Amino acid sequence: MIKNLLLTGTAVAASPVISLAGSDVVTAKEEKLKGNINHSVCQWTYNFLPLDELCRAVKKIGFSAIDLVGPKDWPTLQKNGIFSSMCYTAGENSLTKGWNDPSQHARLIKDFTEAIPLVAKAGYKNVITFSGNRAGMDDETGLKNCVTGLKQIMSLAEKNGVMVQMELLNSKVNHKDYMCDKTPWGVELCKRLGSPNFKLLYDIYHMQIDEGDVIRTIQDNHEYIGHYHTGGVPGRHEIDDSQELYYPAIMKAILATGFKDYVAQEFIPTGKDNGDKIASLKNAIKICDV
């Protein structure tokens with residue numbers, strides 16, 4: 001067998017390196033992640049697994065962060081050595097009722113005033129928020145209302161070193177009537193607030209649907225983007241060659257901007273069982289690990 005392997009270079013390259021230690025066979029370790037991208041995964045897309053089990057799967061793949069976890073579940077992450085890369089408040093976290101509606105300001109200010117110090121105390125730095133739906137409201141009124149409400153929490157966020165990040169969502173397919181559905185609107189909100197602790201969560205899946213031109217948009221607006229989510233288009237499933245986006249090029253464009261925060265997988269896996277679905281996550285991390 002050894003003679004045949006030596007004579008067949010391709011066979012040697014394809015075979016795992018092994019060593020014998022008593023009766024044990026030790027296989028070579030899988031290739032480690034490159035470390036250029038800070039990887040994460042959104043908990044809700046893998047909520048068919050108990051959080052403890054998802055933590056173990058994440059660590060086995062080779063990264064150590066999970067997105068969209070609230071305070072009640074932080075102890076589970078901490079027990080498993082997993083970072084909360086994008087936090088929820090302990091409140092409602094509604095996508096449809098947000099900062100563009102002044103009637104929601106009292107609730108939101110209370111939720112974020114409570115959450116921001118908790119995020120900082122836990123050693124985390126990102127908390128998600130949403131514009132809310134239009135409900136007939138024009139863009140300018142929505143901007144003014146968001147600025148009025150958000151300004152009341154931004155000094156606390158700055159004091160605690162916490163980033164408040166508003167997610168860009170598509171209003172064409174998944175979130176009809178959502179206001180923060182275009183990058184220019186979100187960037188204008190960032191400019192009007194004028195706080196270094198307010199940024200956009202750029203969801204690549206959502207913005208491909210509503211805008212396209214993903215790489216150029218990232219290049220032109222990266223200073224206002226603090227976080228990224230992935231997803232295959234169409235369908236929000238695996239980010240492999242079954243969909244229209246080429247994620248290695250997108251990841252390289254993100255890296256070229258000097259981005260140092262997290263990219264979280266937010267696709268809905270289609271595998272027939274949990275093993276297949278975890279394999280999809282592993283493959284997505286490999287695709288994005290440029």
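Q: What makes a stretch such as residues 65–69 a strand?
A: Strands are DSSP runs of E, at least two residues long, and helices are runs of H or I, at least four long, numbered from the N terminus. Residues 65–69 form strand β4, and Leu-68 is found there.

Q: What kind of model is this, and which atoms and residues count?
A: The model is predicted: local features need pLDDT of at least 70, side-chain atom pairs count only at pLDDT 80 or more, and totals for chains, interfaces and linings use all residues. Residues are numbered from 1 along each chain as its sequence is written, and side-chain values use heavy atoms, with hydrogens and water left out.

Q: Why is Leu-68 called buried?
A: Buried means under 20% relative accessible area, exposed over 50%, and partly exposed in between (1.4 Å probe, protein chains only). Leu-68 has 5% relative accessibility, so it counts as buried.

Q: Is Asp-177 buried, exposed or partly exposed, and why?
A: Its relative accessibility is 34%, so Asp-177 counts as partly exposed. Asp-177 lies in the loop between β7 and α7. It has a positive phi of about 80° although it is not a glycine.

Q: Why is Ser-84 called buried?
A: Its relative accessible area is 0%, so Ser-84 is buried. Ser-84 belongs to strand β5 (residues 83–87). Its C-alpha atom is separated by 6.5 Å from that of Val-69, 15 residues apart along the chain.

Q: What makes β9 largely enclosed?
A: Strand β9 covers residues 225–229, and five of the five are buried, so the rest of the structure largely encloses it.

Q: What makes β8 and β9 a pair?
A: Two strands pair if DSSP finds at least two bridges between them. Strand β8 (residues 198–203) and β9 have four bridges, in the parallel sense.

Q: What makes the crossover from β9 to β10 right-handed?
A: A crossover is right-handed if, with the strands pointing away from the viewer, the path from the first strand over the helix to the second runs clockwise. Here the path goes from β9 through helix α10 (residues 247–256) to β10, and this β-α-β crossover is right-handed.

Q: Which peptide bond is called cis, and where does its proline lie?
A: The bond from Val-233 to Pro-234 is cis, with omega near 0°. Pro-234 lies in the loop between β9 and α10. Most peptide bonds are trans.

Q: What is known of strand β7 and its partners?
A: Four of the five residues of β7 (residues 163–167) are buried, and the strand is mostly covered. Strand β6 (residues 126–129) pairs with β7 in the parallel sense over four bridges. Four bridges also join β7 to β8, again parallel. Met-166 stands opposite Thr-129 and opposite Leu-200 in β8. Helix α7 (residues 183–193) sits in a right-handed β-α-β unit with β7 and β8.

Q: What makes a set of residues the nonpolar core here?
A: A nonpolar core is a set of buried Ala, Val, Leu, Ile, Met, Phe, Trp, Tyr and Cys residues joined through side-chain atoms within 4.5 Å. The largest one has 78 residues; among those that touch the most other members are Ile-66, Leu-150 and Met-166. Helix α6 (residues 139–160) gives the largest share, seven residues.

Q: Why is a space called a cavity?
A: On a 1 Å grid over the protein atoms alone, a cavity is a set of points where a 1.4 Å probe fits but cannot get out; lining residues have an atom within 4 Å of a point. Grid points are joined across faces, edges and corners, and a volume is the space filled by probe spheres set on the points. The structure holds two cavities of 30 Å³ or more.

Technical notes: On a 1 Å grid over the protein atoms alone, a cavity is a set of points where a 1.4 Å probe fits but cannot get out, and a pocket is an open set with protein on both sides within 12 Å along at least five of seven lines; lining residues have an atom within 4 Å of a point.
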